[in-house]
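Q: Can you walk me through this one? I'd like to start with the charged pairs, then go on to the overall build.

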Amino acid sequence: MAPGSRTPAFREIVKDSFARQGLMRTLGAEITEIGPGRCTITAPIRPETAQQHGFAHAGTTFALGDSACGYAALSLQEEGVEVLTSEMKIHLLAPATGARLVARGEVLRAGRRLVVARADVFAETGGDSGHVATLLGTIVPVQAG
C-alpha cells in the first residue's frame, strides 16, 4: 500500500503533466484513475499503434506502462517536484489483442531519491481482459524547471 500524497493537488498536477505529453495524445491515451501511489492509463489498440500481426506494438504497451508508473510516482511528490524514469524493465506475457490496453501503475516503495514502481498491462475486448505485460522500474524525483 502506497503512502499518502504530499500535496492535496496531486490529481491536478498529474492531469496537467499528462496533458503535456504528446506521445500519450498520439496514442489516444487517457488517465482513468489517479490515487496516492496509483495511476491507470488506457488507450485504444489501433492499426497505427499495432505491429505487423495486428497486436498492439510492444512500444505502445511499454509507453503506457512506463507512464502509469511515472504518474503513480508523481502523485506522491511535493509540489515543484517532477519525475523521470531511470530504468524500466518489461516482461511481455502475451500478444496484446483486443479493443484497448489498460495499464495500472502502482508505487511499491517511495523514497526521497528513488521510487520503485510497477505496472501491469491488460488487453481488453468487451468484458474480457488478458494480462499482457508487467513492468518494473525506478523513477527519480527531480526539481521542476
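A: Happy to. This is a predicted model. Take Arg38 to begin with: at 37% relative accessibility, Arg38 is partly exposed.

Q: Which side chain does Arg38 meet in a salt bridge?
A: Glu33. The N to O distance is 3.0 Å.

Q: And how accessible is Glu33?
A: Glu33 is partly exposed, at 31% relative accessible area.

Q: What does Arg100 pair with?
A: Arg100 forms a salt bridge with Glu124. Their closest N and O atoms are 2.8 Å apart.

Q: Why does that pair tie together separate parts of the sequence?
A: Arg100 lies in strand E4 (residues 100-110) and Glu124 in strand E5 (residues 115-125), so the bridge ties together parts 24 residues apart in sequence.

Q: Buried or exposed, that Glu124?
A: Buried, with a relative accessible area of 16%. The cut-off for buried is under 20%. Arg100 is partly exposed, at 33%.

Q: Which residues are linked in a network of salt bridges?
A: Glu106, Arg118 and Asp120. Within it, the side chains of Asp120 and Arg118 meet at 3.7 Å, N to O.

Q: How accessible are those two?
A: Asp120 is buried, at 17% relative accessible area. Arg118 is partly exposed, at 31%.

Q: How many salt bridges does the count come to?
A: Five.

Q: Switching topic. Which residues make the nonpolar surface patch?
A: Leu108, Val116 and Leu136. The patch is about 230 Å².

Q: Where is Leu136 found?
A: In strand E6, residues 128-143. Leu136 is partly exposed, with a relative accessible area of 42%.

Q: Now the fold. How many helices and strands?
A: Three helices and six strands. Along the sequence the pattern reads α-α-β-β-α-β-β-β-β.

Q: What does the radius of gyration say?
A: It is 15 Å, close to the 15 Å that the globule rule gives for 145 residues, so the protein is as compact as a globular protein of that length.

Q: What box do the C-alpha atoms fill?
A: Roughly 45 × 25 × 25 Å, along the principal axes.

Q: What share of the residues is buried?
A: 43% of the 145 residues.

Q: And the contacts, how many join residues at least 24 apart?
A: 64%, among contacts between residues at least 6 apart in sequence.

Q: Last one. What does the accessible surface come to?
A: About 7,600 Å². Carbon and sulfur atoms hold 52% of that surface.

Key: Residues numbered from 1 in each chain as written. Predicted model: local features only at pLDDT ≥ 70, side-chain atom pairs only at ≥ 80, totals over all residues. Heavy atoms only, no water. Patch = residues over 30% accessible without salt bridge, like charges linked within 9 Å, V, L, I, M, F, W, Y side chains within 5 Å. Areas by Shrake-Rupley, 256 points an atom, 1.4 Å probe, with all protein chains shown as cover. Salt bridge = Lys/Arg side-chain N within 4 Å of Asp/Glu carboxyl O. Helix = DSSP H or I, 4+ residues; strand = E, 2+ residues; numbered from the N terminus. Buried < 20%, exposed > 50% of the residue type's maximum accessible area, 1.4 Å probe, protein only. Rg over C-alpha atoms; globule rule 2.2 N^0.38 Å. Contact = heavy atoms within 4.5 Å.
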